[in-house]
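Visitor: I have a model open and want to learn to read its packing. Where do we begin?

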Amino acid sequence: MTAEARLRLTYVLADYLSTNLALLLFNVFRYYDLPIAHGSFGSLWMFITSPVLIVGQLLFPLVMMGIYYLSGIYDSVYRRSRAMELSKTFNTALTGTLLLFFVALINDLTLERSRDYTLFFALLAILFFVVYIPRLIITWRVTNRMIKGDIKFPALIVGYSSIPQLFPRQVEKISPFTGVTPVALIDSENRSRFCTSGTDLPICDIDDISRVYEEYGVKCVIIIPHPQGWGKTLDVVHQLFRLDVPLFVAAEELPSYMFNARLLSLVDEPLIDITQTRMSPQTLHVKRLADIVVSSVMLVLSAIPMALIGLAIKLDSKGPMFYKQRRVGRHRRQFNIIKLRTMCQNAEADGKPELSYPGDIRVTRVGRILRKYRLDELPQFFNVLRGDMSIVGPRPERPEFMEEMHRRNPAATLIHRVRPGITSLGMVRYGYASNMDEIMRRLQYDLLYLENISILTDLKIILHTANTVLSGKGV
């Protein structure tokens, strides 16, 4: 188990035990505050060991652990803002209080409003303080260890051999209080053997970054913005997404539309994690939970229809029922997308990727119907359930097309910050693309989605998609 996993487990255990203690203390308060408790139970012990309270003592902490997880409190266990920790603890305590109050304590309400309010605020205060104090102690100890240098995060600094003076400048800007420790320099121009970095750190070519990443156990990468523009910096970002670690860039060098991600530090040089989007951790978790629930339901409901469609596909043309194709997902990880086959077998016999187009003779008779109502997309709910995709997200493209998109517009790589989706703003506003020019126009909508991403935006896109499917406008 890694040090990060152990620390996360420490937070989880502390929350579980403190939530149990908070509920027990509240039940003690209830016993002495409510006259009915004295009349129905002979002693405090009989009250807190009653079957109903024992069941609550078992279930409520588990429910709260789910709420804590959805809040995103466990996403970052090292760089935890005190303000963030305070606000999340209060918000989850308020959520838990409302849930317990209206589910289990509604019968305790009386005609005395002051007593009812006392009961509510007592539960809120106990749940908040009993959970917050252990969290604060753990965070305080971790922060002190980071300041002392006991906790370090190995980092790579990516720059340019043609501008070697930028390497030492970036190294000097990194505060030791963040725990970030540069372990190596990376030359994005693959000319490190000709470069004198001006530091004691080893320098390697970007083509060797995977080896360096494994060798040093890298936890983050700091990218030096290229003086000639954001486009050149994005070229570097495109190559590094596959490392699946936070990629930080100095905030002062970013275009204004990128100010939507997490800061590494407010005190020192502001570094933006450009692998993140506008989504808060809680929104991200709620979105993923919704993906799991919806995809599970849809796979069950569509099992028989897909079987019947599969039979129709087999009767209509030779070949398998399902069709798999490599696509590029979050952080440039490739996966096999699953669709119902709509084209004849060996539609790309020469192995060259080719987009479909209106009147494409490769599309079968059944395939045209499936595409019209987008029924060929049904198996992708399995991709969603597996975590390759989301219900809503940028359209997943084939690796060959993705590389061409990046060559035409370096900002295309930013869609890798989120999971691709079955449907997207690009599909709603533009639809299927039959050539690269149309793909690039659709890309603008997917980039716009990243700047406006939210649960409400997803719901709007889903409603528009449903209208497209029901009206048969999928082609």
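Visitor: Leaving aside neighbours within four places in sequence, what is Tyr449 in contact with?

Guide: Contact means heavy atoms within 4.5 Å. Tyr449 touches Lys287, Val392, Gly393, Pro394, Leu425, Thr457, Asp458 and Ile461 by that criterion. This is a predicted model: local features need pLDDT of at least 70, side-chain atom pairs count only at pLDDT 80 or more, and totals for chains, interfaces and linings use all residues. Residues are numbered from 1 along each chain as its sequence is written, and side-chain values use heavy atoms, with hydrogens and water left out.

Visitor: Which residues have the most contacts inside the largest nonpolar core?

Guide: In soluble globular proteins, nonpolar side chains tend to be buried together. A nonpolar core is a set of buried Ala, Val, Leu, Ile, Met, Phe, Trp, Tyr and Cys residues joined through side-chain atoms within 4.5 Å. Buried means under 20% relative accessible area, exposed over 50%, partly exposed in between (1.4 Å probe, protein chains only). Here the largest core has 40 residues, and Leu340, Met405, Leu443, Leu447, Tyr449 and Leu450 have the most contacts inside it. A second, separate core of 39 residues includes Phe167 and Ile209.

Visitor: How many disulfides are there?

Guide: A disulfide is a covalent bond between the sulfur atoms of two cysteines. The cut-off is a pair of cysteine sulfur atoms within 2.5 Å. The whole structure has 0.

Visitor: Is Cys220 buried or exposed?

Guide: Cys220 is buried, at 1% relative accessibility. Cys344 is partly exposed, at 34%.
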